[in-house]
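User: I am new to this structure and would like to learn how to read it. Could you take me through it feature by feature?

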Amino acid sequence: MSRIERPRVEPGQTTSATDLNNTYDDYSQTGALDQLNTRDAAFDLVHLTNAPILIKSQVSQLGNTGMLHTAPTTSFAHTTSLGSPVKHIVQDSGGTQTIMNLSSSPWTLAVGDVLRVFWDLSVYPDTTGTPWNGASAKGRYAVPTTGGGANTNITDGLHCWAAYLEWDITSGSLSNFAPVPGQGTFEQVYDSGANKGDQVKNTTATTLISAWSVFGVGGVVNNGKVSSQGSRQEQGWFGTHGMYAHQAASGTTVYGLRLVFTGMLHPAHASAQSPYENLLLYDINASGTLTYKGGRLTAVQMRGD
Amino acid sequence: MKGSTVQVRILGGMQQTLPQEIEHATLIENMTLDEDTQAFSSRVGYERYRPDPADQFNPFGALGRIDSVYVLQQLPGGARQSVLIEAGNTLYLYLETGQQNVLVGLASRTAPTATDTPSVFTQWQDRVIVTNGLDAPIIIRPWPLAASTDITSAMKDAIVRPLGFYGPPAAPEMLQIATIAAVTGGSINSSAGFTGNSTTNWYPVRPQAIAYPGRFGLGQSSAESDNRIRFRVSYLSDTGSESPLSTDSLATWRIETNNSGFRYAPSMRLPLGPRGTVARRVYRTLNDEQSYLFVDDVRNNAEQLYHTSVSGTGATAPDDLASVPFPAPNARVCAVFKDCVFLDGGRDQSTTIFFSNPGRPDQYGGLDYITLDGRGGEVTGLYAYNNNLIVLRSAGIDVLTGAYPSFTVQTVTSQVACRAPNSIDSVPGIGVVFLAEDGVYVLRGGLDGGAQFEVVSLGVGIRKELQRMTLECASRAVGRYAPLERAYHLYLPVDGNDRPNLGCVFHLDKQAWSLRTGFPVGAIDRLHDGTLVFGHNTGAEAAGSNPPAGLFVLSAIRSMGGAIVGDNYEPGAAPVSVYESCWHDMGDAQVKKQVQYVTLWCQTRGDVTIDFRYYKDFENAEVASDNRFIYQPPDRANQPVLGSAVVGTDKWQDARLVPIRLPTALQSCSWFKFRIDTTDDILLVGYEVEYASRGSVVIEGKQR
Amino acid sequence: MKRWTQHDARTDHLVEADQFNRQNRAARGSIAGLDRNQYPSGCVTDAMLTSAARHKVWVFAPWAADASHTHSQGEQTAYRAPTADTLPEQFRALTYQQYQPGWTTAFEETLTPFKGGSLLTDWCGNIAQQIFCTWSANSLGSSSPPGRPNDRNIGLRVLYNGLVVCERVGPAKPIDSFRVTCESQVPAGPVQVALQFRATSIGPDDFVVDQGANDHLMQAHLFSNRAVFVGRWR
């Protein structure tokens, strides 16, 4: 703060030009005035209109338009080989990818700016048969059987599809999409190549979609025993959504955003190696399809403070 | 020719308006009133609150300007005195118990700007409420505390917390009641039928089955009866206040066919309350009814699982308006009156006053507020006085009377604008003194028994000094009555300065003003013994290494603080005390006179050095000065003085009232004034001026 | 604040200290408290705003339970079964052997500086929970189908300074994503936000161990958590 500390002129003091000039010079201290010289409540927010908190926003279509869960819809099937996991970019029924294209006016994130992305999609996971009961399917465990005898293997029912966010911060050609910070590609290799997936800590921009709901309805579960392997209850069409946020630590230019599907995945953990992290791994022995209709991808750039 | 004498036997205070009355003074600076003789004494100064010379300014050395000081008395006689300080962005407790000397940071607070009002502190029982208009009001109870190294965040959370409840509790989470499955004959399988999140706690009803039938368990017990009982909870704080009631939760169960005779005890998880919660209170309805009745107090803020075993209920629950979320989160000022806490609405509702339930500073009713007439401007101060609450506003003064919940407000004046809530204090025999935009005023009187309130200007004598006030920073002026000195001290920023740099002292016994200069008061309060303690107005913001910082007290020490020399603290020099008489015209300013002597009536002080100067006709330059005279009996042997008195030989002395006759040599004058400056002790009782006059008068006015 | 003429110096008038002081004092006082009507238009720009002058955004993506959990970012770690007790094809997470029913804090943070006003929370993540035993036959044998529901859901709620701002029954599928958005007015001062979850407690028929390896079965988990808080001051 520019504090002026100068005693007042006293009667009897000589009228000195030097004193007068020094007094006037008090008011011309270059760069000395700062926010502490401003009285409280001197400015209202409405006075500062050139730097709005919200900088940019955009909404894009995902998948197909229309509200009804009828055609056109888009479908894809599960991963069948660890060598080529499914990476399905959200697209319409004609195969045209539905991405948020910012290349005509890219968003430049200054340090501290926050990028917030929201998405929603209506989905329908389906399958035939009971792939979760296959001998090689993940997630099976043994429980006692009603009436005694050998244990029954039931499923934990935790198979899922995953939708995650990617961005292109390289150029407007949109040929360099990569997962956003904190998100992996599910291409880590585990157990000497027997498994592939990613650590759960790298799913910051992932929405998981339940593949099926399997449980022991009716009198299946009784007194801690089961009389069957349970049954699947149709989940039907349902809405799914996700949110992601990123605070730029350095200048970043965003040219495009897109949502990518993969699956089927199943929970696991690295039981052979410390720190025994939780994982999501592909289960190529669990078959199914995911059909989706459409939704929205919304992005917002705002000032961090 | 025969000389004449002007006698001023008893000195008055300052009077700067012209012409002056002869007993008044042009300037009294750095003087106080001697309590024995009511004479002006130069024994003033200030020293560090903590006097250890090797301690420098610890623990305050890093503090800049101290914005607020408050001394909280928690036991009579100062047995449990806590000093709270705000500096930078932190509220500190100065922990000096158990031989400690440390600052404990209690809470982050927004620092006021130079034009803001600093925090206002209000005592409630053994707690203090702190409001500053920017942060949420907090309530502090700084006792008991461990040694500073053992004070944890949890301990701080226990002694500092937000005032009031900011919302109702979450509804209690009812566990489902899994009723006993009907069994025809045979034994009851009590483990059957429950699922996750449910309980099966039951009591039989029949007298053959239980010692006190009907006392335990809730609801109907006959077969196929439906039971619906609703529960709500509230928090009880450590001040005995009750929070708003939660929304309700429903416990419902049905007694199955062939299964009569069971009453159930619904179980729930109670929410945990915010800091300061000491109990949760449970209310319920009777079966299928709407009114809530008291069930129980869970006397802690830890247990969550609660079983409603006993069927009895108590009083009706308070209605939803009895306690609402805290209505004044931006309150700037606060006061306690008629057992209620009063707060202003802050910048958002600056003409509204909210008040708490009596005895419950955290509990505010939905209708417990008063909206003031908008013409008086926003509330700038609240002060409880006699049977009223004084509401000082930016363009007037109102008074609030009555008792909870029926308070009323009426306007006393619309012309006086108090801008400095920290300058308000009650002065015995005078009234409530405060600094307004145009001077110092006193509010006195009342509304009972036909009395009236009046607002009287108190600062007429020093109006010229008060006009020097930096109006923008008037809110930073601080004032306190000092019982030890029987004086009201006011420190205000003047001459464009942004922090107090001039003191004005109103001496109660003389009803007179004097000035104090060189006292770096940033904020002030009084200790239990009446001593004024203040926080430095600059601290570490000053240039140089180890500038003075922290707490100081106004005392009779003959130094102005001190400085660090080497590694130790050394007291500074004594202040310069000044007495400047009024301009005497001896009855007629047109008549020329020759002043021959000034006789000062003083109590002897020893071989002190007093500079005596005299002036004529409003000239600034002195005619002459003289410091030859010592203040010993002029016609008796000198009294022994320190530094030369011999122990065992010299006797202890009593100060004597003696005339010190000082010659003056000036030619004719119309007006005469003298001045004494000293850094030594002086006790000035009165004076005389001897003069002669030939009767000649001034010549006619000067022409161009 | 703006002050007008206190003294007008004029030729042939007294060189008076007091009058000079009055005018100088008014100017110096103005410097101490410049007001809105004293600044030229456009003088104070948005670029001069100090940090957190109008608002602040806090981003936790992913949100770690605490700094020591570098391998479990975004996951609740209140319940994390040891690997020795966990099947390889399950998460190390909440088991009924450990679980104490009730609201459990997954993430907690003190937001500062908060200058009083609106605080928005936007919390998103994924959950996993065992739903096989969501129908228990161990009662009401006369009903059809026999048994009663043993509903599973992961309750979610957000608290500001200990007060519940919003609460959801929560997702019920075995794997699901969730998003909780809420806002409340909060007074000035540091705000302690807590994101809590509540798994359904054990029912009478729930499986808690695998009969093959005797490992504890994962019952519920919260992961991929990210949260954004936006404070806007009044």
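Analyst: We start with a term needed for packing: two residues are in contact if their C-beta atoms, placed from the backbone, lie within 7 Å. Keep in mind throughout that this is a predicted model.

User: What do the buried residues of H1(C) pack against?

Analyst: They pack against helix H1 (17-25) of chain A. The buried residues of H1(C) are Asn21(C), Asn24(C), Arg25(C), Arg28(C), Gly29(C), Ser30(C), Ile31(C) and Ala32(C).

User: How should I read the spacing of residues along a helix?

Analyst: An α-helix has 3.6 residues a turn, so residues three or four places apart point the same way. As for length, H1(C) has 16 residues and reaches 22 Å from its first C-alpha to its last, close to the 22 Å expected at 1.5 Å a residue.

User: How many residues of chain B are in contact with chain A?

Analyst: There are 10 residues of chain B in contact with 8 residues of chain A. The chain B side of that contact divides into 2 nonpolar, 4 polar and 4 charged residues.

User: How do I judge whether a chain is a compact globule or more spread out?

Analyst: Compare its radius of gyration with the value that the globule rule gives for its number of residues. For chain B the radius of gyration is 35 Å, well over the 27 Å given by the rule for 704 residues, so chain B is more spread out than a compact globule.

User: What do the C-alpha traces span along their principal axes?

Analyst: The trace of chain B spans about 135 × 60 × 45 Å, and that of chain C about 115 × 40 × 25 Å. For chain A, the C-alpha atoms fill a box of roughly 115 × 45 × 40 Å.

User: Which domains is chain C divided into?

Analyst: Chain C is divided into domain 1 (1-48) and domain 2 (55-233). The C-alpha centres of these two domains of chain C lie 61 Å apart.

User: Is Asn214(C) buried or exposed?

Analyst: Asn214(C) has 9 other C-beta atoms within 10 Å, so it is exposed. Asn214(C) is found in the loop between strand E9 (191-199) and strand E10 (220-233) of chain C. Asn214(C) and Leu120(C) are 94 residues apart in sequence and 45 Å apart in space, C-alpha to C-alpha.

User: What share of each chain counts as buried?

Analyst: For chain A, buried residues make up 42% of the 305 residues. The share is 48% of the 704 residues in chain B and 50% of the 234 residues in chain C.

User: How should I read contacts by their separation in sequence?

Analyst: Take the contacts between residues at least 6 apart in sequence and ask what share join residues at least 24 apart. That share is 74% in chain A, 63% in chain B and 72% in chain C.

User: Which residues have the most contacts inside the largest nonpolar core?

Analyst: In soluble globular proteins, nonpolar side chains tend to be buried together. Here the largest nonpolar core has 270 residues, and those with the most contacts inside it are Cys160(A), Cys334(B), Phe342(B), Val391(B) and Phe434(B). Leaving aside neighbours within four places in sequence, the contacts of Cys160(A) include Leu208(A), Ile209(A), Met264(A) and Ile175(C). Another core, of 27 residues, lies apart from the largest one, with Ile177(B), Trp202(B), Phe262(B) and Tyr283(B) among them.

Key: Residues numbered from 1 in each chain as written. Chains lettered and ligands numbered in written order. Predicted model: local features only at pLDDT ≥ 70, side-chain atom pairs only at ≥ 80, totals over all residues. Rg over C-alpha atoms; globule rule 2.2 N^0.38 Å. Buried ≥ 20, exposed ≤ 12 C-beta atoms within 10 Å, placed from the backbone. Nonpolar A, V, L, I, M, F, W, Y, C, P; charged D, E, K, R; others polar. Domains from an automatic or database assignment. Helix = DSSP H or I, 4+ residues; strand = E, 2+ residues; numbered from the N terminus. Expected span 1.5 Å × (residues − 1). Core = buried A, V, L, I, M, F, W, Y, C linked by C-beta atoms within 7 Å.
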